[in-house]
Every structure is written in structure tokens, then in C-alpha cells.
Amino acid sequence: MEPHQIKSFTKQYLSAYNCEICTEASAALTTRLSVEVDKELMNRPFYWMYVDKMGLSPQPATLTFSFDGSIPEGHVRAEYLFYGSPRFSKMLSAAQQPHPFVRLYEDTKVGENHIHSPSHSLPYLPYLGINYKVSYVCDQKKEELYTLGVNLHSGQLESEFYARIKDRKWSGKLPPYRHTITPQLTLLQGVGLLEQYIETHIQEQQHPWASEAQNWLEQELLQLERYYEGVSEDNEKHAEKSQRVRDAFRQYHPRIEVSIVNAGLFYLEIDQ
């Protein structure tokens, strides 16, 4: 994952778990964690045990993250957040486990001139948003994050769905004087459209790395055949050969893996 993808996911994660973004720069941000995220990321169970037992006011940690390894101006230190770093790995794990699917409504105030009655409620459009992780795997590994969305009423796809929703306010409950438009697509149909988009995107890319990995695999298998030439199935080295062949496939065989990081049903106000 590239630094901008790491930052995008981090902001999304912090926002979803009600953390406060105190300051933000192009390659860094400072956040005050929510209690839930502090307990998940900071690994200080004795502190929270003490707070809960004594009935004290909780003081979640404030962290500064750097996405390029530099220390932002005005800070003494910053934690370098990159794919594979312990803190980012915890974020990925936490995002998948407790709340893999959310349902949120855009939280906007109804205008003063609007008639405040159920018969004059304003509509929301339903969107399915899914964050996909695409992994290109051989003896090395590259990962990309895609934030996709589909309008379940019109079927229109959005390839940068997070950019559309990141600056909006959200509520877990349907606000007053609002109603949702009945979707024309089911969730299963929406998932199908997004998966078709991902599949098409992958097919349209060039994959020289896969050809190189396949060549390495063939060379490795050829060397194994030469080394174990003449070994029969009843020979004690046959099991060793079979294991080394499996290891070669596991290490060099090129493959593309697609997984869902998290997803949600988002109800957005119709753009005027």
C-alpha cells in the first residue's frame, strides 16, 4: 500500500471509531483516540482496569502519525505508520473484527423553511460502500486498497467512494423528518456490480510480475526434478521432494487475492 492509501485508511478508521483529528498535514496527522480505540491499539489493560475500578474520567492517548517517516513541524516525535507496522496491522485487524458492517445516515439539519411533519420528510439515497484489499502475491507481496460504492437506487458506481463521504457527518439512527428511498438493487446485486468492477480492473492491468514469478517457479521445479532424478514413490526421499515442490508453489506461484476489509450501507442526502 502506498503512503496516501495508508493515510486514507487511517483517517477512515479513526472517523469510524469516533476519534478526533486534532491536526492534519499532507503526510501526517495528530489524533485523540476514543476510549474504544485506545483499548484496542495502546495495549494498556492495567490503566483501563484502574480507571474502571476507581470510576475515574478516562484520558485516551493522543498520537501523531507520520506516513513518510518524517517528524512533522511542531512535534518532537511521530509514529511512522506503514503497511506491516504493528500499529497499522492492529488497525486492519480491528476494522475487520468488531464492526465489519455499518449502517449510517447522513446527519444534516432540515432547513428552517421546511415543513416539519412526517408527510413532508426528505429522502435519502441508499449506497453500498465496500473497502476491498487487492493483494498481488508471489515471493513478494503488493497490496492496494479500493474504496468503492454503488448507488442501490440507480446502480451508478463510484471508484472513490470514501472521497464522497469522508467530510460528511453521520448518525447511527434515521434523523427526524427523513425517509429512505426504496433501493432498486439488492445488497447481493450491489456486491456483484462492485466485484465485477474489481475483476475488470485487474484484467485490464499489465502483470509482468506474474510472468516473472511463473518463470522462477518453473526454474525451481526443474532444479528439483534434476536433484531428485530417479527418486521413486517408495523412496524415503519422495516425501521430501513433495514437500519442496509444495514450498516452491507456495513461494513463487503468482496469484491475486481479493478480500473485503469492511463495508457499510450509507444513506446520503440527495445532492441538489
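Let's start with charge. The protein has 27 positive and 35 negative side chains. The centres of the two sets lie 8 Å apart. For that, a charge is placed at NZ of Lys, CZ of Arg, CG of Asp or CD of Glu.

A word on the source. This is a predicted model, where local features need pLDDT of at least 70 and side-chain atom pairs count only at pLDDT 80 or more, while totals for chains, interfaces and linings use all residues. Residues are numbered from 1 along each chain as its sequence is written, and side-chain values use heavy atoms, without hydrogens or water.

Now the overall build. The protein has eight helices and eleven strands. These are DSSP runs, numbered from the N terminus: helices are H or I with at least four residues, strands are E with at least two. The C-alpha trace spans about 85 × 50 × 40 Å along its principal axes.

What is the radius of gyration? For the protein, 25 Å. A compact globule of 272 residues would have a value near 19 Å. The radius is taken over C-alpha atoms, and the globule rule is 2.2 Å times the number of residues to the power 0.38.

Next, contacts, meaning heavy atoms within 4.5 Å. Take those with a separation of 6 or more: residues 24 or more positions apart account for 68% of them.

Of the 272 residues, 37% count as buried. Buried means under 20% relative accessible area, exposed over 50%, partly exposed in between, with a 1.4 Å probe and protein chains only.

How many disulfides does the structure hold? A disulfide would be a pair of cysteine sulfur atoms within 2.5 Å. Cys19 is in none: the nearest cysteine sulfur, that of Cys22, is 9.8 Å away. Cys19 is buried, at 10% relative accessible area. Cys22 is partly exposed, at 37%.

Last, backbone angles. Most residues other than glycine have a negative phi. Asn18 has a positive phi of about 60°. Asn18 sits in the loop between α1 (3-16) and β1 (20-25), and is exposed at 64%. Tyr177 also has a positive phi, near 60°. Its loop runs between β9 (170-171) and β10 (178-180). Tyr177 is partly exposed, at 32%.

Note on methods
Lys and Arg count as positive and Asp and Glu as negative; His and the chain ends are not counted.
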